[in-house]
Structures are given as C-alpha cells and as structure tokens.
Amino acid sequence: MNFACAAIFLAMASGLLYTTADAMAQETDKREIATGISVLDRIICPYEDGMEKDVKVRIDSISESDKATRYTGLTEEDFIKVAEELGVETAAIKAVVAIEAGVAMKGFWAPGVPVINFDKRMYSRFRAKATSKNPAKGEEVPEGLTGYALKEWTQLINARKINARCADMGTFWGMFQIGGFNYHKCGCETIEEFVRLMSYSELEQLELFATFITNGGMLGDLRNKNWAGFARKYNGPGYARRGYHTKMAAAYKKYKAAENQKDNKK
C-alpha cells in the first residue's frame with residue numbers, strides 16, 4: 001500500500017501491470033506505479049526537516065467479555081467507537097471497511113496470527129537500503145496454519161531470521177492489508193509496535209486503519225462522504241476505473257438504510 005493504496009504497491013513490488021489491450025490504460029497503470037514508487041521512497045525515510053509528525057494510534061484494551069471474539073470479528077460497538085473517535089457516521093466507516101477489507105472482514109488466521117501477505121521484492125528493496133542486518137532469533141512458524149496462510153508465514157519467518165525489520169516492513173498486514181512500511185502513517189513509533197498491535201485484535205486493526213486514513217489526509221473526505229476523493233487517495237488514480245467510489249457509496253446507502261430502519265423500530 002502506498003500512502004493511498006496497498007493494491008498499487010503490491011502491483012509495483014511484484015513488477016506487474018494490469019493486463020489490458022488498451023494502450024492508454026497501460027500508460028495509466030505505469031503512471032500509478034511510478035507514483036507509488038515515489039511515495040514509497042519517501043516512506044522509507046518518512047520524516048524530513050520541517051515535516052509534521054503523524055497522529056498517534058489509539059490503543060484499546062479488550063474487555064473480558066470481548067476477549068473470546070477479539071480475533072473473530074468486529075462488533076457494532078467497535079464501529080460506533082471508532083466512528084465517534086473520527087467524528088464520522090457509523091455507516092460511513094462501515095462502508096469503507098466493507099470495501100477495503102472485503103465482506104468477510106477477516107483479520108486473523110488464528111488467535112494472535114494476523115492475515116499477512118509477504119512481498120519478497122518489497123522485502124529485498126528494504127534489505128538493499130538497510131544499514132544493519134537485525135536478524136531475529138528463536139522465530140518459529142505459528143502452529144496450526146495450512147495452505148496459503150502457512151506459505152506466507154513461513155516466508156515471513158524465514159525472512160525475519162535474516163532481517164526482522166525489513167521482513168516486517170515488506171509485509172502487508174491484517175484485514176486492511178496495510179504495508180508494514182506505513183507504520184508511521186498508522187501512528188506507531190516503530191515497526192515492532194505496529195506488528196504487536198496488528199496481532200492484538202481486530203478492533204486494534206480498525207484503530208490502525210482509522211489512524212492511517214487520518215494521517216493520510218482522508219478524514220475530511222470520509223466526514224463529507226466524498227467517496228471519489230477518499231478512493232482517489234486510498235486506492236490511487238485508477239480508483240474510478242475499478243469503481244471503488246461507487247462501491248463505497250452503495251455500501252454507505254445500505255448501512256444507512258439499515259440504521260434508519262432500526263431507529264424507526266424503536
């Protein structure tokens with residue numbers, strides 16, 4: 001994810017362009033990737049003289065009643081809490097979560113084991129810029145994983161044994177697939193704090209996402225329900241071609257209608 005979008009960075013890091021017979025569309029994709037590379041170079045060294053630092057992430061404790069479900073789903077209370085923190089409608093935050101995280105809103109493969117996508121080329125890019133090796137010791141692949149989850153975590157653990165920081169920064173985390181290199185944009189002081197919070201609960205993943213959109217300059221668009229403006233920043237210049245803004249608008253309409261129906265029954 002660049003400053004606006006994980007999908008663009010996944011394409012950039014894998015060296016892929018969207019397949020199309022239309023030369024104009026190909027040029028558009030090339031411009032998107034070039035923009036992503038430029039932003040990534042800035043993220044690697046995120047603060048320069050005169051730059052304002054980001055807002056810190058809110059760290060939530062999990063009540064005893066919620067501990068059994070901390071890894072298995074967001075609750076209505078979670079959405080209301082974060083919506084109030086951001087000063088947005090609950091239906092609005094639900095809409096962007098539904099589109100950006102997917103209908104399943106799945107943040108964990110197992111308790112304490114977040115959904116990840118390890119990007120080898122991204123990892124190699126960070127390793128090439130690293131000033132120290134920083135290998136992790138005693139790392140083991142989480143038990144009970146199978147299939148794709150096992151493959152991704154095995155790659156991450158093996159990479160951590162060479163350079164833990166670069167491995168974590170070159171991985172996309174949680175239900176929103178936020179790149180580890182965006183830990184500052186998510187309000188964390190270190191990549192280690194980012195990974196710890198990503199592994200804590202789905203509510204904390206939502207808090208990291210909320211801080212990301214705040215620090216990414218998208219909060220005003222969300223408050224105003226400017227779906228095109230939000231999608232342009234989050235999903236990149238190709239947002240319209242992929243219909244992100246119209247999908248968010250439709251999701252908002254659905255959630256708002258459900259809220260109104262519930263209120264009318266009171």
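Predicted model: local features only at pLDDT ≥ 70, side-chain atom pairs only at ≥ 80, totals over all residues.
Start with the whole structure on screen. A search of it turns up eleven aromatic pairs. Two of them are visited here, and both involve Tyr234.

Select Phe209 and Tyr234. Their ring centres are 5.7 Å apart and the ring planes meet at 75°; planes over 60 degrees apart count as edge-to-face, so this pair is edge-to-face. Now colour the helices that carry the two residues. Phe209 belongs to helix α8 (residues 202-215) and Tyr234 to helix α10 (residues 227-235), so the contact ties together parts that are 25 residues apart in sequence.

Phe212 lies in helix α8 and Tyr234 in helix α10, so the pair ties together parts that are 22 residues apart in sequence. Phe212 is buried, with a relative accessible area of 0%. For Tyr234 the relative accessibility is 2%, and this residue counts as buried because the cut-off is under 20%.

Finish with two charged side chains. Select Arg70 and Tyr200: Arg70 lies over the face of the Tyr200 ring, 4.2 Å from the ring centre. Then select Lys254 and Tyr255, where Lys254 lies over the ring face of Tyr255 at 4.7 Å from the ring centre.

Conventions:
Residues numbered from 1 in each chain as written. Heavy atoms only, no water. Phe/Tyr/Trp six-rings, centres within 6.5 Å; stacked < 30°, edge-to-face > 60°. Helix = DSSP H or I, 4+ residues; strand = E, 2+ residues; numbered from the N terminus. Buried < 20%, exposed > 50% of the residue type's maximum accessible area, 1.4 Å probe, protein only. Lys NZ or Arg CZ within 6 Å of the ring centre and 35° of its normal.
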